[in-house]
Amino acid sequence: MKFSLTWLKDHLETSATLAEITDALNAIGLEVEGVEDPAQRLAGFTVAEVLTAEKHPDADKLQVLTVNTGSGDQLQVVCGAPNARAGMKGVLGQPGAVVPSNGMKLKKSAIRGVESNGMMCSVRELELGEDHDGIIELPADAPAGHSFADYHGSSPIIDVAITPNRPDCMGVHGIARDLAAAGLGTLKPIAFPKFAASGACPTEIRTDDAEGCPAFYGRVITGVKNGASPDWLQQRLASAGQKPISLLVDLTNYLMLAFGRPAHAYDLAKLTGAVVARRAKNGEQIVALNDKTYTLDDSMTVIADDAGVHDVAGIMGGLESGCSAETTDVLLEIAYFNPAQIGVTGRKLGLASDARTRFERGVDPAFLDDGLDLLTGLIVELGGGTASEVTRAGSPPSDAKVVAFDPALTASLGGVDVAEAEQRRILESLDFEVGADWKVTCPLRRHDIEGPADLVEEVVRIHGLDNVASVALPRAEGVARPTASPEQKLERKLRRAAAGAGLDEAITWSFISEEEAARVGGGVWSLDNPISEDMKVMRPSLLPGLLSAVKRNVDRGASSLQLFEIGRRYLADGEHPTLVAVLAGEKTARGWDTGKPTHFDAYDAKAMCLQLLEAAGAPVHKLMVMPAESIADIYHPGQSASLRLGPKNQLASFGTIHPAMLDAFDIDVPVVALGIHLDAIPAPKVKKGASPSFARAAYSPPALQSVTRDFAFLVPAELPAGDLLRSVKGADKVNIVDAKIFDVFAGQGVAEGKKSIAVEVTLQPQEKSFKDAELKAISDAVIAAAQKQGAELRG
Amino acid sequence: MTDLTDQKTAALAAIYAAETLEALDEQRVAALGKKGWVSLALKTLGGMSPEERTQAAPAIQATRSEVADSIAARKAALESAALAEKLASETLDLTLPAPDTKTGSVHPVSQVMDELAEIFADLGFSVATGPEIEDDWHNFTALNMDESHPARAMHDTFYLPDPASSSEAVGGDENASSSEAVGEQKRMLLRTHTSPVQIRSMKANGAPIRIIAPGRVYRSDSDATHTPMFHQVEGLVIDKNIHLGHLKWTLETFLKAFFEREDIVLRLRPSYFPFTEPSVEVDVGYANTGGRRVVGGSGDDDGHDWMELLGSGMVNRRVLESAGVDPDEYQGFAFGVGVDRLAMLKYGMDDLRAFFDGDARWLSHYGFSAFDQPTLSAGVGVKP
């Protein structure tokens, strides 16, 4: 909230400078968001006297003034204001000054052929109010040539952010109290203007909703003149960013801004019968002061009369019974509303107001009578009229919270030693009553105090957090233990393996569009309130986000991309850590040696996938290549596969992205991709009970050289080469240590429906070199195993 | 004998004149071949008397050696010349570019998270995680923000229907009031902070506890400096006798290690968070240098100012109670800080939105080598 320094000084007797005050506000938890000095905005504007005023020769509505600037100079100024006349004093902006309302820099000009050397200003142009009917008229004794800012007495405006736990500081008086406690001066007592109350309140006031409105006090004032507010009031409201409207409205706003106490003034002429706090009827409507119609329900408290609803309780009054210039008789309402209920109502209606902000955080339950008297006194003093007695319905909460406090807690929780006497002084200066036994009675306005920790906060913030000394955390004995979980270590390995393999790590949004989600099997988590349709569904796959990134990069001219992301997929059964990589466009650029670029293919995706799985510690040699998951149209159906440890346990998939998918993302380069399910990778096995050891299985390289044998098989064309290879490898699990396919051929010389696959088998002798008979036996076993796959040895 | 000498002279001349291995071989055959003149001369020895042989043999043998050596020498010379010629023909223009090798990169957010894990591991903090799709209870209620709490309004929350319960919700209007109370707790949302991990960790492991919890968080907020998704790291220490002074030390130590500067100065300001009491907002001093904010020094120094960096405080006893920790036995502190923000301050990025765009040029400029895994011994930061 904003307030001027002058306003603060209405409540705080202090000799502190502005800087001292703002430092103190920050130190006690009232964060200063800004300080604005209107004197700077009014620089270049001075008090001036109009010496002559003649009609403009070429314009009916303009006058040509001669102005005494006070420095002995006389300036000619063209002015359109009807009230400009010889002998008056006003505010002159000379060339170079910047008009606050529109940021325009004044300069010499000619208006309809007549030279003008400045501008006589209106209230609105200087942002001092709304009046724009004419130029500012200053008293006759205003000193010409004097800085207008000085003359006007403009005061710096302080903007503080009040945290939601401190509604008691949502008024200048409360802020002054905190500052006084922090040693910045003395809190001034509230000055109540005297008035005489006569006669009972003529309007019946009731609360039929003790839960929503525990207390409703009211009073009628008749014969008020609801004119413009005096300058001091207008200036204070203006410093808070409030437009002055009329005396009655301004004074209720003043009570709220100065004391954090919302109140409402009804035009009595618009009310009929008793004024009652009650639950709204379902479907009941009100046109609020903001000109909008709200439909209410029976969870909401309203103030109503016989005719209908006049106030959404604690949030906003009704347009119909609001005060206008014609208002002479008013009913003042000062009530205590249930904070939680105000919050619910406000959220339901989507209606925010300064009153709601205060009521839902909790106003001072002990400030109903005082608030009403203060408001009444000010109205009578400034607008005249006769006040009735107060009528009271219900009563506000009055049970003060008592906290058993141990001043030692300030050191043990707050980390700072504060003498007991000083702790007592601090609490008492904030209106806490501190008993000899440290039973602390809280002021009713401090809804935020729940227990001893809150009192520690009060003491520490006023004493100064600067005084809290750093104390090292106790350190565990010995060397630091590893703190990462297996999942985190896996993620780190994969991330750095992927980056080491040439991929760039991207981070894309967790939410994607419904359409994108549908293309990868559909998302189950859809936001109720997405920021846009493009960010609506929690991604069931990381692929759409990366394809969108590919698209953006290609549009920026990238010809080759290798991106990966490690993040979560959001499925019905939870969140699954996943790595997805995309290899897009050129694998190698057009070069001097090859001429043509090459593009990534499914084998590149497979190689990357296996490389990463290997780095992740997955049992790569045990993985089976199987068809990719059945979600249609992610991958090219003939150029994709999954890697599994058993039919149901898919660790990864890879392949060429389906052309229809690329079309959907408007990508015109080939893309291959791979995905790894981190949570499907089996954790390294540690035998139960065995102490985890770093030692590896014993090993020494074999002394004898390995030998290789080549085999060429004719197999059915549809036989996956991997099946043949697995059979060959399995033919002799002791002696065969490796088998590689080094040729695949179909066509001339190979029968229709067949293909030729050549395999190099590596044999490792153990103790002794192989004898011919042993080699023949192994060979026969290889051929027999291959035959089971329908292969025959090529002649 | 003169014959032999003449023949040798002529042969040596021919050998040295041979320009090719073939020509040289012809000379070898002519001299040393079966019918070569050296061989024939050697054969004459067979028909000689021992005396004659003793006299003639040394010259013939010497001639043979000389011719053979000359042929070998010439052969070596010719081969060497041939290799030189071959090598000359194989010259490459090595100013031509080699095949590209692509260098990958680790995203700054991941790098900074690894840095944080390293720094806090040294202080005994483990890394904890939790779900991003949270329920209302863990994200708000357990953190002392019940349904009516005004602070909830400060969190621009993304809500989700619970797919598991949506089938029940359909047509369940008749018991609206009672199901609402249950639904409130079950209502799903995207976590607005990493603080729910506090609750989950304490519930799972009890006290004492020392964790950091990095991860994605979400607010329905999007402008030049806010993205609807960003990263936070939460810190939590619960033990006996932990107080505000420990919090201050931990934050100072962490930030000094993170920025690798001894002159980090913090300003603690009282603030308000429902889950801490007392609550402390922490500012850090910085200087504006060359248009960039450089953390270090007091914000009150010349040319310096303060910036809000993180929120923290002593964990509210209600939060401990919610998480099943006895607040009369244990107390502690928590803090939360934006990871993206830390990355920007340390490594000089100025646009948060670029973090999530996936622009390969940006990634390779601001990303990190796979081999720059943060370690305490090498320093957790990476200088350009």
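Trainee: How do you know that the span of helix H10 of chain A is close to what is expected?

Mentor: Set the two values side by side. Helix H10 (residues 368-383) of chain A has 16 residues and reaches 22 Å from its first C-alpha to its last, and 22 Å is also what is expected at 1.5 Å a residue. Keep in mind that this is a predicted model.

Trainee: Which residues in H10(A) are buried?

Mentor: Among them are Leu368(A), Leu372(A), Leu375(A) and Ile379(A). The buried residues of H10(A) pack against strand E14 (215-222), helix H7 (247-259), strand E22 (330-336) and strand E23 (386-387) of chain A. Just after H10(A) comes Gly384(A), with a positive phi of about 70 degrees.

Trainee: Why is Leu92(A) called buried?

Mentor: Leu92(A) has 31 C-beta neighbours inside 10 Å. The cut-off for buried is 20 or more, so Leu92(A) counts as buried. You will find Leu92(A) in strand E7 (residues 89-93) of chain A. Leaving aside neighbours within four places in sequence, its contacts include Phe45(A), Val67(A) and Met120(A).

Trainee: And why does Leu62(A) count as partly exposed?

Mentor: Leu62(A) has 19 C-beta neighbours inside 10 Å. Buried needs 20 or more and exposed needs 12 or fewer, so Leu62(A) counts as partly exposed. Leu62(A) lies in the loop between strand E4 (45-55) and strand E5 (63-68) of chain A. Beyond four places in sequence, Leu62(A) is in contact with residues including His56(A), Cys79(A) and Ile111(A).

Trainee: What makes strand E6 and strand E10 of chain A stand at the edges?

Mentor: Start with the order of the open sheet of five strands, E6-E5-E4-E7-E10 (chain A), where the pairing is antiparallel. Strand E6 (74-79) and strand E10 (119-120) of chain A each have a single partner strand, so one side of each has no neighbour in the sheet. E6(A) pairs with E5(A) in the antiparallel sense over six bridges, and Val67(A) stands opposite Leu75(A) in E6(A).

Trainee: Which residues have the most contacts inside the largest nonpolar core?

Mentor: That core has 281 residues, and Met120(A), Val330(A), Val550(A), Leu563(A), Ala581(A), Val582(A) and Ala673(A) have the most contacts inside it. H7(A) gives the largest share of this core, 10 residues. A second, separate core has 15 residues, Leu724(A) and Val761(A) among them.

Trainee: Let's turn to chain B. How do you know that strand E6 of chain B is largely enclosed?

Mentor: Strand E6 (residues 229-239) of chain B has 11 residues and nine of them are buried, so the rest of the structure largely encloses it. E6(B) pairs with strand E5 (residues 209-218) of chain B in the antiparallel sense over 10 bridges; there, Ile211(B) stands opposite Leu236(B). Eight bridges also join E6(B) to strand E11 (residues 331-338) of chain B, again antiparallel, and Val237(B) stands opposite Phe333(B).

Trainee: How does the radius of gyration of chain B compare with that of a compact globule?

Mentor: A compact globule of 384 residues would be near 21 Å, but chain B has 43 Å. The C-alpha trace of chain B spans about 135 × 65 × 40 Å along its principal axes. Of its residues, 42% count as buried, and the chain has 13 helices and 11 strands.

Trainee: Finally, how many residues does the contact take from chain A and chain B?

Mentor: The contact takes 77 residues from chain A and 68 from chain B. Helix H14 (residues 486-500) of chain A gives the most to the side of chain A that touches chain B, with seven residues. By class, that side has 39 nonpolar, 22 polar and 16 charged residues.

Definitions and conventions. Residues numbered from 1 in each chain as written. Chains lettered and ligands numbered in written order. Predicted model: local features only at pLDDT ≥ 70, side-chain atom pairs only at ≥ 80, totals over all residues. Helix = DSSP H or I, 4+ residues; strand = E, 2+ residues; numbered from the N terminus. Pairing = 2+ DSSP bridges. Contact = placed C-beta atoms within 7 Å. Nonpolar A, V, L, I, M, F, W, Y, C, P; charged D, E, K, R; others polar. Rg over C-alpha atoms; globule rule 2.2 N^0.38 Å. Expected span 1.5 Å × (residues − 1). Core = buried A, V, L, I, M, F, W, Y, C linked by C-beta atoms within 7 Å.
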